[in-house]
Structures are given as structure tokens and as C-alpha cells.
Amino acid sequence: MDITRRRLLKAIAAAPVAASGAGQIAFAADGNSSHTVVVVFLRGALDSVGALIPSNESRYYDSRPGIAVRREGQINLDGQFALHNALRPLKDLYDQGDLAFVVGTGLDSASATRSHFDAQARMEAGLSGRSSSEGWLGRHLALRANGDDDVFRGIGIGNVSDALRGYRNALNINDLANLRLRPPNDVTAGELDRTLTSLYAEARIPELRNQSDRALETLYVSTVRNLGYGTSASAFGTRRFGRELRQVAELINADLGLCAATVDFGGWDLHDSYGSWRIGAMQDQLKQLALGLRAFHENIRDRRKVTVVVMSEFGRRLEENSSYGTDHGKGGLMMVLGGSVNGGRVTGRWPGLDNLNDGDLPVTTDYRLVLGELISRRLGSDGDLARVFPGFNERNWLNLFG
């Protein structure tokens, strides 16, 4: 048995235990993460003005005669902006100051693109007009790695996001309930664990031996903590986005040292079948987003130690197309959610719908300004900011964090 697992066993043996209402065993926390960031990437390009509506501008209604959200389908925020009715579950979070919206976000003018692939690659790399083999979260985690990182430090739910590339120990999780040793009927989990550990200990390649140790430790921790069953599933619903956020919430509440997690939510490329504010694809997408984010926020035990950033590769054009949908645009929308967020406001520079660039809402806030403030003020990497976001030096923060 390797040193890491011996230390883990010793810590678990010494930890106080208590029976929960479900009859499971809860172990004392052993994580060391001071703050956790969860990045939700809306793949396909969110229609920003369809979600956060410039309700007092007539050009919005004139440009979208078939798909505009009429006033009876809006939830007023500040007289200038209103939420799509499907985002109603987020209104309380906004009112209590835990949710902020940032308008006009996206890639800078030097790297603007209408390609989903290119825009996503650049954003996840934390760069402007080029991509990279490393992601911005991966750089942050790698810079602050200490050689004995918690196995659940960087997690990609469903897939390891390109934002985590560069951190060699990033872990991909599809289902926490399946992340455990499942021995044959005539073999105990302990026997299987010892056998696998012994087999890989014989490996002559250090990298193989190190990675196998981490894999076995991951399975061991998941089994001992009974991960996959610690957060109520009913609050998150049965859709994929909710299920994946539930797993992130469970890892955070288990205090296993999670620093960064990524969750993808696709289906936003609505060139057609957009629907109305009452029914249709856009309404359904926004409803899933709102219900998932609210359930996540309400299930986190220490909300001041968790920040959720919601982003998308670009926005959509203002004018609806002939298929009653929206085409690729520029300026988009980001959301920041957490107990330490200076929320209850819409921030960023709003140009107004009479100041479009060839039919597009312009980008007035570089997406890295939001992520950079998060890195600097919440993840403790202010001194490493230039290495996390090479070539980006702006620090005119939006004061998103208290």
C-alpha cells in the first residue's frame, strides 16, 4: 500500500464519524481548497438579449416580431433590463445580491469570430486571437500545484474541458455513483485494492506508477465517502445539466479539496425552432439553466467559498432570421453567482441597441476581465495573472466580488 493511501487510511481512522439520516457514515472534512470555481459553458452561443432583455428599447421588439419576449413574459430587474420568464428561479438570487449579469462580453475585436469551435478554443485557452494546448484553469491549477494535490482538485463533469488542459491531474467524472471499485462476488473491495496496488507498484515507468496510484486513491476515496448519494437528486431534476451540477455540489460539500470544476450545457445554437417565451427550445433551455443554478446554490453549505461563472462563446444577432431563430453574433452575456458576489446588478458597458456593429451587439467587456478578477480576488493568483492569461494586462475590475 502506497504512502498516500496509508496517510488517507490513518486520517479516516482518526476522524469522528456520525450517522446521517440516511444511515450513511459521514467522515470529517479533509480537503484544503479555500475557494472553488465552477465554470458552466453554454455551448452553441447563448442569445444574450433573449435571456436578459433590454426591455425599454423599442428596437428589440421591432427586430424580433416573431420571437421577442413580450412584456407579460418578462421579469423586471432595474427598469432597463428584464429576465426571460423561464429564468424566474434566478430572480430571488439576484434580489439577495448573489447573482450578477455582465453584458457585452466576449472575445476582443482583434479575435472576433463566428466559429463555435474557434471561439470556444480561444476562450478556454484564456487567450485572444490564438488557441493553446493549455487552458486558463489548467494554468492556474498547475502554477499552484504542490506535488501532493487532492485527487478531486480539478474536475471535468462529463468531459475534461479544454479550460483544464495543462493540469495533468485533471479528472473526468461521468457519474460519482459509478466511481468505485466493484470486485467480483468472491473478492472483497479490500482484496481487489491491494491486488491492483501491488500490480502497479511493479511498474518500471514512474509516470504509470504515479497515475495508477492516483486512480486507485480516487476510487478508494469515492468508495469510502459513498460519493454519488450525498445530495438530494429531486431538487436538481432528471435532466443532464441538473444531474451534473448535483455531482459538483456533492464534491464541494464533501470538502475533498475541489478547486475547479467545469460543466458543459449544449443546445444553444438556435438558428430555428426558437419558439416563443411560453414554449419552445429557448424557453426550455433557459428553464433548465435557471433550475440547475438555483438548486446548486441552495445546496451548497458554504456559499461564500464557491463562485459559479456562466459563459458562452459569443452572442447572437439582434434581428431574427427567416426561420424564426437567431444567427451567430458578437457581444454576449456572462453570469456570476455565489455568496461572495456583489450581485443584484447588471454590469459591464451596455452600448444600446441603436449602436450595433453590422447588426451585432459589440463586445464591450473582454471575457478575461471577469475571469481575471475571479483569479485575482478569489483564487489567490493575482501575482500569476499574466501567466494564467498571457498577453492580457487589463485590471479595471468590475468589482464583482466583495
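Helices (of at least four residues) and strands (of at least two) are runs assigned by DSSP and numbered from the N terminus. With that in hand, welcome to this predicted model: the protein has 12 helices and 14 strands. Let's look at the whole chain, then at a pair of helices, and finally at two single residues.

**The protein as a whole**
- Of the 402 residues in the protein, 56% are buried.

**Two helices side by side: H9 and H10**
- Helix H9 covers residues 240–253 and helix H10 covers residues 281–299.
- Their axes lie 9 Å apart, and the two helices pack at an angle of about 15°.
- Angles under 35 degrees count as roughly parallel, and H9 and H10 are therefore roughly parallel to each other.
- The crossing in which H9 passes H10 is right-handed.
- On the H9 side, the contact is made by Phe 241, Leu 245, Val 248, Ala 249, Ile 252 and Asn 253.
- On the H10 side, the residues are Gln 288, Leu 289, Gly 292, Leu 293, Phe 296 and Asn 299.
- Sorting the residues of this contact between H9 and H10 gives eight nonpolar, four polar and no charged.

**A residue in a strand: Thr 36**
- You can find Thr 36 in strand E3, which spans residues 36–42.
- Thr 36 has a relative accessibility of 5%, and buried means under 20%, so Thr 36 counts as buried.
- A polar atom of the Thr 36 side chain lies 2.6 Å from the backbone oxygen of Leu 258.
- Setting aside neighbours within four places in sequence, Thr 36 is in contact with Ile 252, Leu 258, Cys 259, Ala 260, Lys 305, Val 306 and Thr 307.

**A residue in a helix: Ser 63**
- Ser 63 belongs to helix H3, made up of residues 58–63.
- The relative accessible area of Ser 63 is 12%, so this residue is buried.
- Along the chain, Ser 63 and Arg 317 are 254 residues apart, while their C-alpha atoms are separated by 9.8 Å.
- Beyond its neighbours within four places in sequence, Ser 63 is in contact with Leu 318, Glu 319 and Glu 320.

Conventions
Residues are numbered from 1 along each chain as its sequence is written. This is a predicted model: local features need pLDDT of at least 70, side-chain atom pairs count only at pLDDT 80 or more; totals for chains, interfaces and linings use all residues. Side-chain values use heavy atoms; hydrogens and water are left out. Buried means under 20% relative accessible area, exposed over 50%, partly exposed in between (1.4 Å probe, protein chains only). A polar contact is a pair of N or O atoms within 3.5 Å; within protein, one must be able to donate a hydrogen and the other to accept it, and residues adjacent in sequence count only if both atoms are side-chain atoms. Contact means heavy atoms within 4.5 Å. Axes are lines fitted to C-alpha atoms, for helices over the stretch in contact, and angles run from 0 to 180 degrees between N-to-C directions. Angles under 35 degrees count as roughly parallel, over 145 as roughly antiparallel, 65 to 115 as roughly perpendicular and the rest as oblique. A crossing is left-handed if the near helix is turned anticlockwise from the far one by less than a right angle, and right-handed if clockwise. Ala, Val, Leu, Ile, Met, Phe, Trp, Tyr, Cys and Pro count as nonpolar, Asp, Glu, Lys and Arg as charged, and the others, Gly among them, as polar.
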